[in-house]
Protein chains: 2
Amino acid sequence: MSVPDPPWQQRAARKRSAKRPLDTDVIVRTALELTDREGLDAVSMRRVAQELGTGAASLYAYVRNKSELQELMLDLVIGEVPLPEPDPARWEEQLKQFARDQLRVFTAHPGMAQVVARTPAPTGPNALQVTETMLTLLRGAGLPDRIAAFAVDLLALYPNAIALERTADFALTDGERDERMSQVEDYFAALPAERFPNLLAILPVMMSDEGEERFEFGLELIMRGLRSWVE
Amino acid sequence: MSVPDPPWQQRAARKRSAKRPLDTDVIVRTALELTDREGLDAVSMRRVAQELGTGAASLYAYVRNKSELQELMLDLVIGEVPLPEPDPARWEEQLKQFARDQLRVFTAHPGMAQVVARTPAPTGPNALQVTETMLTLLRGAGLPDRIAAFAVDLLALYPNAIALERTADFALTDGERDERMSQVEDYFAALPAERFPNLLAILPVMMSDEGEERFEFGLELIMRGLRSWVE
DNA sequence: TTCTAAGTGCGAACGGCGTTCGTGTCAAGT
DNA sequence: ACTTGACACGAACGCCGTTCGCACTTAGAA
């Protein structure tokens, strides 16, 4: 080793040590960043590998396949939902806030709602912690076990479904979005009034952009329903 | 035309007339049958074309692209949901039955629930008719327009979300399903009792296979919530 | 009857995908 | 110094959606 390495080997060596060694965590995080930036459809194994300066094949040492990668991403995202300190007196508000936070987090990571839909009953550590906390709140409120078990599903389902709806068109270009919008408008304008009287009567309400009120309505509806089973 | 066509031309002619000429309808129907048999993931343009004895390129004369094909399939499926004759006195039961029928239809066509999730506000003719009927029921029940508009969304969302959950693993082989099942069991069995007391306490209830009761619970919850806004 | 133009059918090709295989590389252990 | 084992990854396989351009059919004009 008395002679220094030739320059091209030095470069290679520096490059190798400069980049963090591959591990499951960086892969998952990189994939998630890519999803946030370009949507879930852009996240291919090749693309993630490229982002890490390597080849697709290298990822398979740390991740069984693409769907496992997505499940790992999912649990990472679920981990971002803040857990409340259960306070039985405020169970309704705490559950509502929980649902709001869930919606916020999944809206912030467009595409992850699709992953939830494909993943029957997420079982990552963070998902379990979320379930445990919700159960604490529901049982603390005096709901029977059976109802609590049903409700925990429902309360996870609802924000996810709304998030799915809101992020469905993330991958569309502005042009496509506009085109779809004007198509829908034309279509509604052309509806025969005698066959769709209610639809037309209610159109202004449906078109008005009160997404947040809509979500809050659903939450309030669920809480009113739950209340009827307390004790 | 005094001389009959040579045999090879006859065969060609028979072949051509024997298979129905391509049109949008057969394409959509074939794609749907394929989905029912093998799941949505198996429905590629090539595969549908193969089923019709032609090449993938031929389909593009009748269908703009794959996602348009899926939207057409979706409206066909929505058309299978039976429409009730609105009877204001029985609005709750009619809405419930509506939701049940929707779940049934989407469970019978595994994969179509995924398409709903990707399609913001389906606008096919059948979807519109469904919306109109639901609005008739909701407004007839005495719900304010604003609430009715929200509720119609919610009542479509819920059966779809459940159908999505139920058909999520359609593409899995039995082996994969079993593997997942036993994985989940092991995982739960290994949970530390002090960190997940509620989860473990409720596990028997969650594991018991009462999918239908679960759906009915959600329906009843929604109806109780709606009732609180009547008049 | 013959010619032509329009429309349909479709093989071939492009660029991308998930995943596997087998070779290459290199550090740690002997 | 040599072996071993873990990691890295280029190349390839068989899919995918979509486009292009050529072959073929056929309806109407001449």
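Predicted model: local features only at pLDDT ≥ 70, side-chain atom pairs only at ≥ 80, totals over all residues.
Which residues come nearest to DNA strand C? Of the 16 residues around DNA strand C, those that come nearest are Ser44(A) and Asn65(A) from one chain, together with Thr54(B), Gly55(B) and Ala57(B) from the other.

**The surface near DNA strand C**

- Helix 3 (45-51) and helix 4 of chain A, together with helix 4 of chain B, each supply at least two residues of the surface near DNA strand C.
- Helix 3 of chain A provides the largest share of this surface, with 3 residues.
- By class, the residues of the surface near DNA strand C divide into 8 nonpolar, 5 polar and 3 charged.

**The surface near DNA strand D**

- DNA strand D is surrounded by 16 residues, of which the closest are Thr54(A), Gly55(A) and Ala57(A) on chain A, and Ser44(B) and Asn65(B) on chain B.
- The elements giving two or more residues to the surface near DNA strand D are helix 4 (56-59) of chain A along with helix 3 (45-51) and helix 4 (56-59) of chain B.
- The largest share of the surface near DNA strand D comes from helix 3 of chain B, which gives 3 residues.
- The surface near DNA strand D is made up of 8 nonpolar, 5 polar and 3 charged residues.

**The contact between chains A and B**

- Chain B puts 39 residues into the contact, and chain A likewise puts in 39 residues.
- On the side of chain B that touches chain A, the elements that give two or more residues are helix 7 (112-118), helix 8 (125-140), helix 9 (145-167), helix 10 (174-189), helix 11 (197-207) and helix 12 (211-227) of chain B.
- Helix 9 of chain B gives the most to that side, with 11 residues.
- The residues on the side of chain B that touches chain A comprise 22 nonpolar, 7 polar and 10 charged.

**How the two copies are related**

**Helix 2 against helix 5 in chain A**

- The axes of helix 2 (residues 24-38) and helix 5 (residues 66-78) of chain A come within 9 Å and cross at roughly 80°, which means that helix 2 of chain A is roughly perpendicular to helix 5 of chain A.
- In this contact, Val28(A), Ala31(A) and Leu32(A) of helix 2 meet Leu69(A), Leu72(A), Met73(A) and Leu76(A) of helix 5.
- The residues of the contact of helix 2 with helix 5 in chain A divide into 7 nonpolar, no polar and no charged.

**The surroundings of Ala151(A)**

- Ala151(A) is part of helix 9 (residues 145-167) of chain A, and Ala151(A) counts as buried because 24 C-beta neighbours lie inside 10 Å.
- Leaving aside residues up to four places away in sequence, Ala151(A) touches Leu138(A), Leu143(A) and Leu226(A).
- From C-alpha to C-alpha, Ala151(A) and Met134(A) are 9.1 Å apart in space, while in sequence they are 17 residues apart.

Notes
Residues numbered from 1 in each chain as written. Chains lettered and ligands numbered in written order. Near = placed C-beta within 6 Å. Helix = DSSP H or I, 4+ residues; strand = E, 2+ residues; numbered from the N terminus. Nonpolar A, V, L, I, M, F, W, Y, C, P; charged D, E, K, R; others polar. Contact = placed C-beta atoms within 7 Å. Buried ≥ 20, exposed ≤ 12 C-beta atoms within 10 Å, placed from the backbone. Axes fitted to C-alpha atoms, helices over the stretch in contact; angles between N-to-C directions. Parallel < 35°, antiparallel > 145°, perpendicular 65-115°, else oblique.
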